[in-house]
Amino acid sequence: MDYINPSLDFDALGSILRMQGRVQIRNFFDPQVAAALERSLQAIDWELVYRDAQGDRRLTGEQLRAMMPPQRMALTEGIHAVAREGFQFSFFSDSLVHAVHQGRSDLLARFMLWMAGDDFLSPMRELSGDPEINGVFAQATMYSRGNFLTTHDDHVDREDRRIAYVINLTPRWRPDWGGMLHFTAEDGSVLDTFFPHFNSLSLFTVPQRHFVSYVPPFAMAERQAITGWLIAA
């Protein structure tokens with residue numbers, strides 16, 4: 001079975017990515033693949049990732065369920081305090097890299113192994129025009145009510161990230177529920193916005209300024225995806 005939609009025009013899509021620095025590709029995977037991935041996300045015991053004054057933090061599902069309301073309020077206020085001063089994120093995650101290293105055999109771990117092979121990386125090299133891409137980092141992500149990602153450009157000195165990607169796996173979403181991927185200029189102007197269409201693949205070059213807008217309390221779904229970077233290891 002071909003995981004990737006064979007009817008896609010890679011030449012045209014690659015031209016958009018190379019000229020504009022970003023492209024969103026609708027119906028990227030075979031519908032059965034996208035549906036199976038979406039079902040797999042429903043079984044995750046999600047971990048909350050965020051930053052505090054000391055750096056990146058991760059709380060397991062068990063730890064979150066054990067928290068009392070005052071502790072949850074203090075956690076939220078701490079997250080917002082960091083966001084007021086600089087870069088911050090608050091969303092749910094399941095590291096697929098760790099899943100592979102831990103020997104998991106579920107569909108998401110197997111999908112991570114597939115992404116690390118040429119069946120995925122070769123099309124990514126073709127689309128990007130970058131022959132040095134030879135690795136991938138992946139995590140499952142969920143933005144629920146109160147989650148967000150402030151403006152940043154994805155560059156880190158310790159990793160040679162070439163392309164960032166988002167595999168959108170949310171069957172039902174509305175733009176007023178937030179969770180939009182926005183690209184910005186240095187002056188803060190929004191240059192482009194990608195809606196999380198189900199079974200779409202968003203690709204954009206690194207570094208590039210972007211953020212994910214706040215998901216408000218009235219949102220009636222979770223914005224789910226597999227996200228990460230294509231790297232030159």
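Is Gly61 buried or exposed, and what is its relative accessible area? In this predicted model, Gly61 is buried, with a relative accessible area of 4%. The legends below begin with this residue.

**View 1. Gly61 in helix α3.** Gly61 belongs to helix α3, which comprises residues 61–66. Because its relative accessible area is 4%, below the 20% under which a residue counts as buried, Gly61 is classed as buried. Beyond the neighbours within four places in sequence, its contacts are with Asp45, Trp46 and Glu47. Gly61 and Asp45 are 16 residues apart along the chain, and 5.8 Å separates their C-alpha atoms.

**View 2. The whole chain, for orientation.** The protein contains seven helices and twelve strands. Its radius of gyration is 17 Å, close to the 17 Å that the globule rule gives for 233 residues, so the protein is as compact as a globular protein of that length. The C-alpha trace spans about 55 × 45 × 35 Å along the principal axes. Of the 233 residues, 52% are buried. Among contacts with a separation of 6 or more, 78% are between residues 24 or more positions apart. The accessible surface amounts to about 11600 Å², and carbon and sulfur atoms account for 52% of it.

View 3. Helix α1 covers residues 10–20, and Phe10, Leu13, Gly14 and Leu17 are its buried residues. Viewed down the axis of α1, these buried residues fall within an arc of 100°, so they line one face of the helix. An α-helix has 3.6 residues a turn, so residues three or four places apart point the same way. Asp11, Met19 and Gln20 are exposed on the other side of α1. The packing partners of the buried residues of α1 are β1 (22–25), α7 (118–128) and β10 (200–205). At the N-terminal end, Asp9 caps α1, with a side-chain oxygen 3.3 Å from the backbone nitrogen of Asp11. Just after the helix, Gly21 adopts a positive phi of about 85°.

**View 4. Helices α6 and α7.** In helix α6, which runs over residues 107–115, the buried residues are Leu108, Ala109, Phe111, Met112, Trp114 and Met115. At the start of α6, a side-chain oxygen of Asp106 comes to within 3.1 Å of the backbone nitrogen of Leu108. The buried residues of α7 are Phe120, Leu121, Pro123, Met124, Arg125, Leu127 and Ser128.

**View 5. Nonpolar cores.** The largest nonpolar core holds 48 residues, of which Phe28, Met115, Tyr165, Ile167, Leu203, Ile226 and Leu230 touch the most other members. Helix α6 supplies the largest share of this core, five residues. A second, separate core has 22 residues, including Leu149, Ala219, Ala225 and Trp229. In soluble globular proteins, nonpolar side chains tend to be buried together. Apart from its neighbours within four places in sequence, Ile226 is in contact with Leu37, Leu96, Leu108, Phe111, Ala138, Gln139, Ala140, Tyr165, Val166, Ile167 and Leu169.

View 6. At 14% relative accessibility, Asp94 counts as buried, and Ser90 counts as buried at 4%. The side chains of Asp94 and Arg104 are joined by a polar contact of 3.2 Å. With neighbours within four places in sequence left aside, Asp94 is in contact with Ile44, Trp46, Arg104, Leu108, Gln139 and Ala140. Under the same exclusion, the contacts of Ser90 are with Leu48, Val49, Tyr50, Ile79, Tyr143, Gly146, Asn147 and Phe148.

**View 7. Ala43 in a loop.** Ala43 is situated in the loop between α2 (31–41) and β2 (47–52). Its relative accessibility is 68%, and Ala43 therefore counts as exposed. The C-alpha atoms of Ala43 and Glu77 are separated by 29 Å, with the two residues 34 residues apart along the chain.

How values were computed. Residues numbered from 1 in each chain as written. Predicted model: local features only at pLDDT ≥ 70, side-chain atom pairs only at ≥ 80, totals over all residues. Heavy atoms only, no water. Buried < 20%, exposed > 50% of the residue type's maximum accessible area, 1.4 Å probe, protein only. Helix = DSSP H or I, 4+ residues; strand = E, 2+ residues; numbered from the N terminus. Arc of directions from axis to C-beta. Contact = heavy atoms within 4.5 Å. Polar contact = N/O pair within 3.5 Å; in protein donor to acceptor, adjacent residues only side chain to side chain. Rg over C-alpha atoms; globule rule 2.2 N^0.38 Å. Areas by Shrake-Rupley, 256 points an atom, 1.4 Å probe, with all protein chains shown as cover. Core = buried A, V, L, I, M, F, W, Y, C linked by side-chain atoms within 4.5 Å.
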